Structure formats: C-alpha cells, structure tokens
Amino acid sequence: MATKLSTLFLSSGFGSLSGKVLDNPQFPYSSRCLLNTSCKMRPRRLSSRRKRKYLKKASYEHLSVHADFHPNDDEDSGSENVVEGVPILNQESLSSAVFNTSSAVQHNTEKETGEVDTEGLNKGVQLEDLIGMIKSAEKNILLLNQARVRALEDLEKILSEKEELQREINGLEMRLAETDTRIEVAAQEKVHVELLEDQFEELQKQLNFSSGTVQSMNGNLNDIPIDSLTKELHLLKSENIVLKNDIQTLKEELSNVKNADQHLAFLEKERSVLESSLKDLESKLSTSQEDGSKLSDLNAECMDLRNRVEHLQVLLDKATKQADQAIRVLQQNEELQEKVEKLEESLEEANVFKLSSEKLQQDNELMQQKIDLLEDRLQSSDEELQSYIKLYQESVKEFQDTLDTIKKASKKTATDEPVNDMPWEFWSRLLLLIDGWLLEEKISGDDAKLLKEMAWKRDARIYDAYMACKEKNELEAVALFLSLTSSQKRSGLYVIHIAAEMAPVAKVGGLGDVITGLSKALQSRGHLVEIVLPKYDCMEYSRIKDLRLLDVVLESYFDGRLFKNKIWVGTVEGLPVYFIEPHHPDKFFWRAQYYGEHDDFKRFSYFSRAALELLLRAGKRPDIIHCHDWQTAFIAPLYWDLYYPKGLNSARICFTCHNFEYQGTAPASDLASCGLDVDQLNRQDRLQDNSSHERINPVKGAVVFSNIVTTVSPTYAQEVRRAEGGHGLHSTLNFHSKKFFGILNGIDTDVWNPSTDSFIKVQYNANDLQGKAENKDALRRHLGLSSNVRKPLVGCITRLVPQKGIHLIRYAIYRTLELGGQFVLLGSSPVPHIQREFEDIANHFQSHDQIRLVLAYDESLSHWIYAASDMFIIPSIFEPCGLTQMIAMRYGSIPIVRKTGGLNDSVFDVDDETTPTELQNGYTFLTPDEQGLNSALERAFSHYLNNPSSWQQLVQKVMDVDFSWETSAAQYEELYSKSVARARAVAAGRA
Ligand SMILES: Nc1ncnc2c1ncn2[C@@H]1O[C@H](COP(=O)(O)OP(=O)(O)O)[C@@H](O)[C@H]1O
C-alpha cells in the first residue's frame, strides 16, 4: 500500500510537486484527454495549425478546457450569446464547468496512471481541481462585472437617445401647430380673396356699365361732365390695378397654402415614422431594462458563485491540510517500511549466520572430539597415529565439504557476493597462481587483469572455480578460469540507444519497433541496454511504467545559450528509458505529433545534443552509443567533436539508417545551433550534402563519423550503394563500405504473437487455425463486409507514401474485387493529395460489402487485420526492410510482395524452383507495375481457391518461420564487440 501511494503521489506531483504536475504532459487531466485522442488518431494527419491550437489549450488551459466558454479565448467566443456586443455568459455552462471538472479530472487521472482509485488520488485530483476552479471562477466574476458595467453604459446611452427623440417630437409638434395656424390664416385669406373677387366682379360690372354709358353719351358730350368721368375712370383703373395685384397676391397665397398642405402631409409621414422609431426605442428600452434585471440576476448568481468559491477555498484549505498530513504519513510509512525491510534483512542474515555457525560449531565439536581422541591414541601407538592422521584428513575434507555446502546453501554464496571468510593465504595463493599463468603466457594480460580483480574483490565465483579445479589438471583449470572472464566480458557491453521513436510509446513506423525489439533481444543476451527519447506530449503514457521526474535540471547548449531540461525515467517493455523534456521557448516536443514540423531540424539537433549532455552529466561509460536515422545522426559528429574531449570517451558510435530517403538536409548555417563548427564540417568529406554545397546532410555526417554503420537488410545495403538506390549517398557509402553492413530486422515475437495477442478476438496458433477463421469472420462483420462465402481476404497496413507503391495498392483494391476477393486497407498519409485520393476511394466503397478502407492509425485494428487476412499485399517501390510481411506471416497471412530490399530477404516465392522448398513462403514479383502485381495476385488467388489444404499447409509453415530478433541481435552484438575490441586494442597499443 505504501509503495502504491508513493507511486501515486510521485507521479501526480502531489503537494509540493504540484508545480511540476502542471507542466507534466503526462498528467494535465483535460489536456491529456485531448492529446490521447489526437495521438490515437495518428497526429500526423492533423493540420499543424490545429495541432498547435490543441497543444496550446493542452498546455495552458487545464481546467478551462472543461468549461463551455473561456472569456479570454477569442476562438471560443462563438459559443457565447452576444447582445449589443456584450457577452452574456451561459449560466449552465458556467456551473457545469465548475461542477463537472472534478469528475473529468478523476476520470482522466485513472486513465493516466492505470491505477485503481485510491483516497490519495482523489485528494490529489481535488487539490488541482480546486485551484483551477477558483482561477476559472475568479475570471468569470471579473467578466460578469465587466459585462454589467457595459450594459449600464448602454442603458444610459439608450435613455439619452430617448430624450433627444422626445425633443425632436416636441419640435415637430410645435411645427405642426404653426402649420395649423398658417392653414387657418390661409383659409381666412381665402375667404378674403373670395370677397375681393366678388367686389372685383361688381366693379367690372360697374366698369362695363360705365363704358356703355360713356359710349351712349358720346353723342351728347356737351351734356356730360367729361372731367368727372375721366377722373372716375382713372380711379376705377387704379382700383382695378390694385385689385389685380391683390388677386395676384391671393393667387400666390393660394399656391403657398397648397404647398403648405403638401408639407403638412410630409410632416404627417415624418411624424408617423418618428412615432414608429419611438416605439422601437421604447421596446428596446424595455428589453434593456429586462437585460438590466437579468444582469442583476447574474449579479446575484455571481454572488452565489463567489460564496461557492469561498466554500471551495475552505475545502481547498482542508484538502491541503489533509494532503500535507497524507504526505507526512506517507513519509513516515516509507521510513517505517525501510526500517522494516532493513530489520528483515538483518534478521535473515542473522538466521543464516546462526544456522551456519551452529553447524560449524557442531563440526568443530566433532573435530575437537576426534582430535582429542587422536591425541590420546597418539600416545599409545605410532601405527594408530598414522591411521588417525588419515582419519583426521578425512574429517578435514568432510569439514571442507560441509563448509562448502553451508556456503552454497547460504544466501551469501550468491555468485557475485564476496567470500570474506577465507584466509588471506588463500587469496594470495590465487593471485600468484594467476600471475604465474600470465608469465607463462597461458592467459592474456586482459584475462589476468580481470581474474586478479575478482580475486582482489574476493569474488565467490573465482573461489568456486578454484575449489572446482582441485581435481583437474592445469589445462582444465585454466579453461575454467577463462570461462569466468569470457562471461564477464560478454555481459560487459553497455549499449545506449538514442532515438526519436520507441514502440509502443512513441511509434510512427518500423523504427519504433526496431528500437524496442533490438533492445529487448540485446538485454536478454546479457547486455545492459538503455534508451534516450524526447519526451513528446503525445506519447502513449499509459505504456510507460513508473514514470517519474528526476530531481535534476540538465542544462544543454543551443543557439548560443544554455537551456534547461527536465529528465524523466520510466520503463517501457522492461527497458530503462530516459525522457528529455526541453524547456525551450519553442516547445520542441509539445506539438501533438512526432515529425512533420517546420523546425524538425532544430528540434532533433537540440535533442541529440541534450542526450549526449545527459550521458556526460550522469557519468555514464557506455561501450556503444547507437543512434538511428537523421533525427539522431547529429550524435556522431557531436560525440567526436565536443563530447569525447569533454570526457565522454568510452563509446564507439553505431549509426543505423532505417531509410535513406530521409536525410534531414538543411542550410549549412543551421548546424551551428547545436554547437557544431560549420566551417569544419561543411566539407565534401564530412557533412556537406553531395548534391548541394550550401547544405549539410546529417545522415552523411553519421556515415562519416560513426564506427559502425548499418542499414536494415542486406539487399537494401546493396541497393543504396548504387546510384539509383542511394538517394545521393551511394558514393559516400561505397567510400565507407568497410564499416557498412545490412542486418535484417526482426520482430518482437512477444508483441506479435497470435497465441497471446489480446487485441484479436480469438487467440490461435499454427496447430489450431480455427481461431484465425473466427477472427476473419468477426472482422468482416465489424467492417460491414459480407461473410457468408469463402473468399480470400487481402490485407494491407501501411503508411501511404510513394515508397509503398501507391498506384499498385490502388490497383490491388480493384483487381481483388474483380478476382472475387475482399480487401481491407489500414493506412494514413502525411501527403495531403494522397490522403485525399484514398479518401475518395474510401468514400466510393463506403458501403460496399467487399472493400473497406480505414484511413487512420490504429494499433489494435492492425493486429486484428493481420490475424483475419489470408493474404497481405506489399507492392513497395523500395523497402529498406519492411516489418509487415514478417508480422503477417506470424499471423498466417501469406505475403504478396515486390522483390526489393528487406522483402527480397524475407519472402521467397512458392513457385520459384531455384529457392529451397523449406524457404518458400509467399508470392513475389519484380517489376513494379500492374502486370507484375497481377501475376502474383492471380497465382495466390488460384492457390487459395483451388487447393485449400495446400494453402493451409502454407499458412502453418509461414507461422513457424523464425522472425525473432535473436539472429539479428547476435549480428549487432558481434559488430559491437568487434568494434569495442578494436578500440581496446588500439588503446592498449598506445599505452
Ligand atoms: N495505419 C496504421 N495503423 C497501425 N499500425 C500501422 C499503420 N501503418 C503502419 N503501421 C505499423 O507500422 C509498422 C510499419 O513498419 P515498416 O513495415 O517497417 O514500414 P515503415 O517503417 O516504412 O512505415 C508496422 O508495425 C505496421 O503494423
């Protein structure tokens, strides 16, 4: 229980480690959830912008990710309600953000640790949860207050707008009254005009009458007073003119009145418009008043929230106290545990000691009696004396044997424990014996040194050897002693792999499988193997055991300054692994994907340097540093140029190139970032790229600067030494051919084992293939394929890149359909146009009952497809090794492959009479075109359909082929040992 709790507290960074927890991508509860998902779905497929967005959230918004809103996050603002630019928070989201967090955290924590729920874990979760919730709640309160102020400001604005409108309405009403008055005046004037018109008519009548009178009077002018008539006429005329003017004025007045009417109509309209906008404003006003009341509701809720936060604070304090107490208890527990363990150890020792001393005592007593007896008899007879001496000698021997037996039985006789109770004479005699053999040249200086060291340390193994060879002649004795040194030499290899991938925690393709498979095989052959990896945020953390952060900060150089790195350790598949977490502002391994970033060169040159820094700081003295592919190719020049002079000088460098297509070239100046001397290295015989003098080539650098260079199959090693296969490096590889080897990869037969595989529906083996048929049936149903007819199921699991023969994979899908088979493809592509092309094919066959394309990375589905398929297609243009053909065979799926690289070294055609029958295990074709593929596919179909029993024999046969790492690991071991031996010989020669 104590250990379990301590593991939990350590890994969760409880209490004083909480700061570390927040930085720990293995642990950020919500972010892990996101990241896990993205990783499982093969992060390569995400656009880098989205991934970075994910990542940012994952890094900084641990708890807020659970909330439905984030006030400061522009990208989330779409989920808020907005009224007049004021964000109105969704209360439901708010409360669920606060109250759902703890359950989400609980869930994710369980997922991370894989541990059963414990009290300690709950407390650890609450603590983090509460801190996050308080922060989140405080932000929300602030936002609510801001929203409230903004709403009040808007309310004021609306009110002042209303006042202004009221003023405008008043003005309009006044103008309306004015207009009314004017209309009245105009009406009066109209009446007046009519009056005047009447008068005018009357006057005209009078005028007519007057002129008639004038004419009638013309005959008797003398009778009429002319002057008075003339005057009257003038008067009338002037009156007439005045009247005309009046009429004119009245007409104008009239038209004015008409205009006034129109204006009045216009004003009426304007008034109704204004009235409607006034109504609008009034409704807005009432809405904003309602909003005001909502705001006050929110205010109340906000108060409520504040109270809850205070309550949470109280809980937090309590939890903190409990946590502190728990840590104290835990520490006490640990101390107690240690004490108990020590006591148990001493008890055990005491028991052993007691037992042996009792036995010794008994023997001593027996001997003493015998001696006494002898002494008595000595006096009586010489003859008797002789016989008793013999008896004594026998007793001594018996004692010696008993002593040996006791020692063997005792724990202290564990092979490497010192033997402390032999007299010094014994060890001196042993040392002299070894020196004698050395001088007589019966053993070498190295062997003598090792043996003397063992004697000097009073190693039980050399004691046992000495005892065992008492009865032997000298030759046998020397051989026995040398067997000690050879076993010591063999177990002495200390290999450190520095790589960018490792299955199953950080796997993109075959490289990951190789690191784990080779390391496990080397480990089981008695070597000490360690692995150094970047600490990616998107790793499968659930597959790392006992992951913990070391209490150390490693500083490493980059771009002219030192950066801090955290160092994590944990075991993966039983192997010790170091994870480097750089604290560089560019967050090199916080990208939610392994490769494909614009600054990959920087990311991995940084990592390479930091890895060597770690070895130096830890005082490690490895025999071999093994780096892989361009990502860690920098190790070779960095080691010799910078770290060898600093004292990290015990190792030989081995570089394995898993695919020469990827060389990581970059402008020469980029090399300076990790501290390498560009002027020294950008040379034709060093790192300069063979086709561009301005660029450096890390893979070329590793070929030049490593002691051993390997690639992953013998055929590929030949292919890359030719211009058409070497991707520009053939001349370099030819130049360094003496240290260049092709070793065929193996597969991890523990992981890929149909009789134990937990990813498949039914386990099976070569002698019982019923399970294979059931897996096939289940997969067909799972993918919606028809399952009632005996049809061959063709599988394909691959990265969809040009190297894999994209056009031939596409052709195989359609041709399989024509031949009456079924096809299942599992794959994804980092190349957008290829991914789109396969998406189109996948959509085309979306509900087809014979073809299914799953465009994703899915580890468990891959196991199922291997188990379910009858045939497995790999039409690669080039293939450095290829693992899928070996895995397929292990699961009884017959490979159909193009003869290239590692495929050529592992698949042999069943119809090829030049190959021994026992090796024939699949179908091959040479020319990478449709006819080539078709010929192999048709032959396989015909075999499957026409000769089922022979097919089954073939299936059983391929399942028994040994593709384990044993042979390959032995080859690597030999290369390592030879290289180390050469280095030692050179060093000895110098000395
Ligand atoms: N989409 C996928 N889902 C799951 N595993 C995959 C997928 N694609 C490839 N793999 C696995 O990756 C490894 C491929 O290794 P290999 O044949 O050497 O090809 P490469 O290293 O060129 O990708 C195999 O273990 C295979 O099962």
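## Close-up views of a predicted model

**View 1. Strands S5 and S6 pair in the antiparallel sense.** This is a predicted model. Strand S5 spans residues 545–558 and strand S6 spans residues 561–572. Nine bridges link the pair. S5 and S6 form a hairpin, with two residues between the strands. Asp559 sits in the turn and has a positive phi of about 50°.

**View 2. The whole chain sets the context for the remaining views.** The protein has 991 residues, of which 35% count as buried. Its secondary structure comprises 28 helices and 19 strands. Take the contacts between residues at least 6 apart in sequence: 72% of these join residues at least 24 apart.

**View 3. Helices H9 and H10 pack at an angle of about 180°.** H9 covers residues 424–439, and H10 covers residues 445–456. Their axes lie 10 Å apart. The two helices are therefore roughly antiparallel to each other. H9 contributes Trp427, Leu430, Leu431, Ile434, Trp437 and Leu438 to the contact. H10 contributes Gly445, Ala448, Leu451, Lys452 and Ala455. By class, the contact of H9 with H10 holds nine nonpolar residues, one polar and one charged.

**View 4. Six strands form an open sheet with parallel pairing.** The strand order is S16-S15-S14-S17-S18-S19. Strand S16 (851–854) and strand S19 (923–925) stand at the edges; each has a single partner strand, so one side of each is left without a neighbour in the sheet. Neighbouring strands of this sheet are turned by 15° against each other on average, direction ignored. S14 and strand S17 (residues 871–874) pair in the parallel sense over two bridges. In this pair, Val794 stands opposite Met871 in S17. Helix H26 packs on the sheet and touches S17, strand S18 (894–898) and S19. The direction of H26 makes about 165° with that of S19.

**View 5. Helices H21 and H26 pack at an angle of about 45°.** H21 runs over residues 806–818 and H26 over residues 930–946. Their axes are 10 Å apart. H21 and H26 are therefore oblique to each other. H21 passes H26 in a right-handed crossing. On the H21 side, the contact uses Leu808, Tyr811, Ala812 and Arg815. These meet Glu930, Leu933, Asn934 and Leu937 in H26. Five residues of the contact of H21 with H26 are nonpolar, one is polar and two are charged.

**View 6. Helix H23 has buried residues that pack against helices and strands.** H23 covers residues 859–868. Its buried residues are His863, Trp864, Ile865, Tyr866, Ala867 and Ala868. Their helix partners are H20 (770–783) and H24 (884–890). Their strand partners are S14 (793–799) and S15 (822–828).

**View 7. Ser968 lies in helix H28.** H28 spans residues 966–990. Is Ser968 buried or exposed? Ser968 has 23 C-beta neighbours inside 10 Å, so Ser968 counts as buried. Leaving aside its neighbours within four places in sequence, Ser968 is in contact with Ile743, Leu744, Asn745 and Gly746. Ser968 and Gly746 are 222 residues apart along the chain, with their C-alpha atoms separated by 6.5 Å.

Terms used:
Residues numbered from 1 in each chain as written. Predicted model: local features only at pLDDT ≥ 70, side-chain atom pairs only at ≥ 80, totals over all residues. Axes fitted to C-alpha atoms, helices over the stretch in contact; angles between N-to-C directions. Helix = DSSP H or I, 4+ residues; strand = E, 2+ residues; numbered from the N terminus. Parallel < 35°, antiparallel > 145°, perpendicular 65-115°, else oblique. Left-handed = near helix turned anticlockwise from the far one by under 90°. Contact = placed C-beta atoms within 7 Å. Nonpolar A, V, L, I, M, F, W, Y, C, P; charged D, E, K, R; others polar. Pairing = 2+ DSSP bridges. Buried ≥ 20, exposed ≤ 12 C-beta atoms within 10 Å, placed from the backbone.
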